[in-house]
Amino acid sequence: MHQITPLDHTHYDEMLAAGQEVRPSYQHFASWLNQATPDWLRNKQAEADTLFRRVGITFAVYGDESGAERLIPFDTIPRIISAAEWKTLEAGCIQRVTALNRFLHDIYHEQDILKAGIIPAEQILTNAGYQLAMQGIDLPRQVYAHIAGVDIIRHSDGGFYVLEDNLRTPSGVSYMLENRKMMMRLFPELFASHDITPVEHYPNMLLDTLRSVSPPEVDNPTVVVLTPGQYNSAYFEHAFLASQMGVELVEGQDLFVKNGHVYMRTTSGPQRVDVIYRRLDDAYLDPLAFNAGSMLGVPGLMSVYREGRVSVCNAVGTGVADDKSIYPYVPDMIRFYLGEEPILHNVPTWQLRKAEDLAYVLDHLPELVVKEVHGAGGYGMLVGPAATTEEIAAYRLRILEDPANFIAQPTLSLSTCPTFVEAGIAPRHIDLRPFVLSGKKVQLVAGGLTRVALREGSLVVNSSQGGGTKDTWILKEDITC
Amino acid sequence: MLSRMAGCLYWMARNMERAENTARLLDVSLQMSLLHASSQDDLLVPLDVTGSTADFLQRHHTPTPQAVLHYLALDGDNPGSIYNCMRSARENAHVVRVKITSEMWEQVNGTWLEMREWQRRGLDTRSASTFLEWVRERSHLFRGAGYGTMLRNDTFHFSRLGTFLERADNTARILNVKTKQISDNEPEAENILDYYQWAALLRSVSGFEAYRDIYRDSITPQRVAELLILRNDMPRSLRACFGEINKVLARIEGQAGRAARRRASEIQARLTYSSIEDIFADGLEQTLDSLIDDINLLGKLIHHSYLETA
């Protein structure tokens, strides 16, 4: 019997309810785990590492030319979500991304939400992510965020909360797919005893989404994946998605603009490109329109884009909607555009540009998490309860320099999930990133990327900060007890 | 296929082939230099063939076996060294990693990791032959892994194109340099030095056994030239290389390569319908010079048609 105890009762554990009782969704798994010996599990974990290294699912580390790239740790214990919970998550994600796309269309057109006074206009119009060049541009199906990665956590109250909406170039979906493949290979018996919703059709769904937003007059659109290149930390994912979709993986230098269209240089001559799934930030897309020094982009791309002769996914200028200073308004967007109450909660957020919020936060720094408005990847944040007095003092000075650049949230108790660590199986904190696709319709495969903070007690799940991943199972039907 | 991808496949294969050819040349030259230690000519041959004599002499002054070995095998500052060829092969392979098979990638990457070890340890004339043999083996493995596992599409074709264009270039150059070197020897009947030099040349292209099998006779310049220029059954001969180049060019999709295809066919026709007597009548050196120019031009046409399209 494996000894699995929750850290304490201030966390929700995905597998164990109060009093060590196994939750219904984990019951099959728990009895399987009980008859598995620790040595056998350890061997399986080692097998997974070898296989991942062989397939090359690694992420590049800057400046390392040995070719021995780093693996993102993979944990063999799955995160299981019941069918009923998934129904809520799915509906909540669809609702949220629908509203965000409506919002993006609105702020680049009529700006009704600003006129209605729901969001202060200056917060949008002076936002670094707001692209003036996008004003008045009509996009196919009025979709901006074609691929969204919504980061969700489960709080100690058992409820789901959205931590952030990633609407620019969210990554991680390749791990969702590869983790599933790995689990099926390592533990086929588990898939026979569980009814798990498949995720393998994601690349197909993505390709359909991308093709559905091509310039309207194009019959058989050519899609490409645009990568910053092999030294980007997510290059593996770019290459992976291109090959899974059966489309070309291009760099900026492979594309050029001629006679109002975008072409790629191929061995049989120039070939027209209709949809660009770009994994490159706005600033690097077109040296003529944005960062003139960028060698990664395509000169003239924006002019073709603005004329509607090529589609760029995600659209240019989506960054304004996943900015942490805009995040607090998403529930209001849902009410404003859809006339519905939000299905998924926001985490309560203090906006430090507001005097009373700033005062409260400065008084409560040791309890709070403070983040930069434009930050990502877990860099540059303060986790109050885990910080030293000196760190808090230093961070206070940073806040005071430019309060509007920060938001604060209560320290959330991310739920825990049993995880294979050196000492055996122990609870570790996790989050969840489902990938929402918007094209002809808004949809998602039943699953997502579960990230796990491998260090005991750590709440930071980002791979750049030592996080790992788990396979995420959505049960087709709930087990009734 | 993207031109950039095609370029990476082509240069991956060319660099690996170049590493092998340089290793072959070095191996034979080092052995020859042992044979008559008084002369530096044999040591200069691999430098001449790779067109790096001037650069070498500027940096090392005297061609000692140790210096030539280091310069051509490990020198990170010599863009044509085996070390840099393998590095470039690996860099190109990394870009097309999802296009090539995993066996092929593992070959190239593994080779590069071992190559760094060799460079770290350094080489002397005693460890040289082990190293040079290792280079040849890695190149065989690379080609074998590719030939044995790759789908026969443009990914395969551009990689093969790089291999055979580089090989043709090398065979023409090595023959050219040797021809010039041998014609400088004292004109004595049955010159014993000539024999060793032609034999060394044959060995450097794995042609010694082939020569004996085919001609069963003493080594003459005319037969060596015939074997390396005109024999279709000799895998490193110019004609065999151009047979492959033409086959590959014909299979590449699209019509972008007309000029390259035409040029390659012309060269192929000349090699197919020439006799060695014609070539000697025109002068072996002149024939080889013009073949080297042709190969160079064909390389440019391939670039222009496929690899740097506008």
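**Exercise 1.** What distance separates the centres of domain 1 of chain B and domain 2 of chain B, taken over C-alpha atoms?

*Solution.* This is a predicted model, in which local features need pLDDT of at least 70, side-chain atom pairs count only at pLDDT 80 or more, and totals for chains, interfaces and linings use all residues. Residues are numbered from 1 along each chain as its sequence is written, with chains lettered from A and ligands numbered from 1 in the order in which they are written. Start with the bounds, which come from an automatic or database domain assignment: domain 1 of chain B covers 1-150 and domain 2 covers 152-310. The centres of these two domains, over C-alpha atoms, are 20 Å apart.

**Exercise 2.** Describe the side of domain 1 of chain B that touches domain 2 of chain B.

*Solution.* Count the residues in contact (C-beta atoms, placed from the backbone, within 7 Å): domain 1 of chain B supplies 27 and domain 2 of chain B supplies 26. Helix 1, helix 2 (41-49) and helix 7 (128-149) of chain B each give two or more residues. Helix 1 of chain B gives the most, with 17 residues. Finally, sort by class, where Ala, Val, Leu, Ile, Met, Phe, Trp, Tyr, Cys and Pro are nonpolar, Asp, Glu, Lys and Arg charged, and the others, Gly among them, polar. This side of domain 1 of chain B has 15 nonpolar, four polar and eight charged residues.

**Exercise 3.** Which elements of chain B give two or more residues to the side that touches chain A?

*Solution.* The contact joins 18 residues of chain B to 17 residues of chain A. On the chain B side, the elements are helix 1 (3-35), helix 5 (82-95) and helix 6 (102-121). By class, that side holds 10 nonpolar, five polar and three charged residues.

**Exercise 4.** Are helix 13 of chain B and helix 15 of chain B roughly parallel or roughly antiparallel to each other?

*Solution.* Helix 13 (residues 258-273) and helix 15 (residues 284-307) of chain B pack at about 160°, with axes 8 Å apart. Axes are lines fitted to C-alpha atoms, for helices over the stretch in contact, and angles run from 0 to 180 degrees between N-to-C directions. Angles under 35 degrees count as roughly parallel and those over 145 as roughly antiparallel, so helix 13 and helix 15 of chain B are roughly antiparallel. The residues of their contact comprise eight nonpolar, one polar and two charged. Among them, Ala259(B) and Arg263(B) lie in helix 13 of chain B, and Asp294(B) and Leu297(B) in helix 15 of chain B.

Technical notes: Two residues are in contact if their C-beta atoms, placed from the backbone, lie within 7 Å. Helices (H or I, at least four residues) and strands (E, at least two) are DSSP runs, numbered from the N terminus. Angles under 35 degrees count as roughly parallel, over 145 as roughly antiparallel, 65 to 115 as roughly perpendicular and the rest as oblique.
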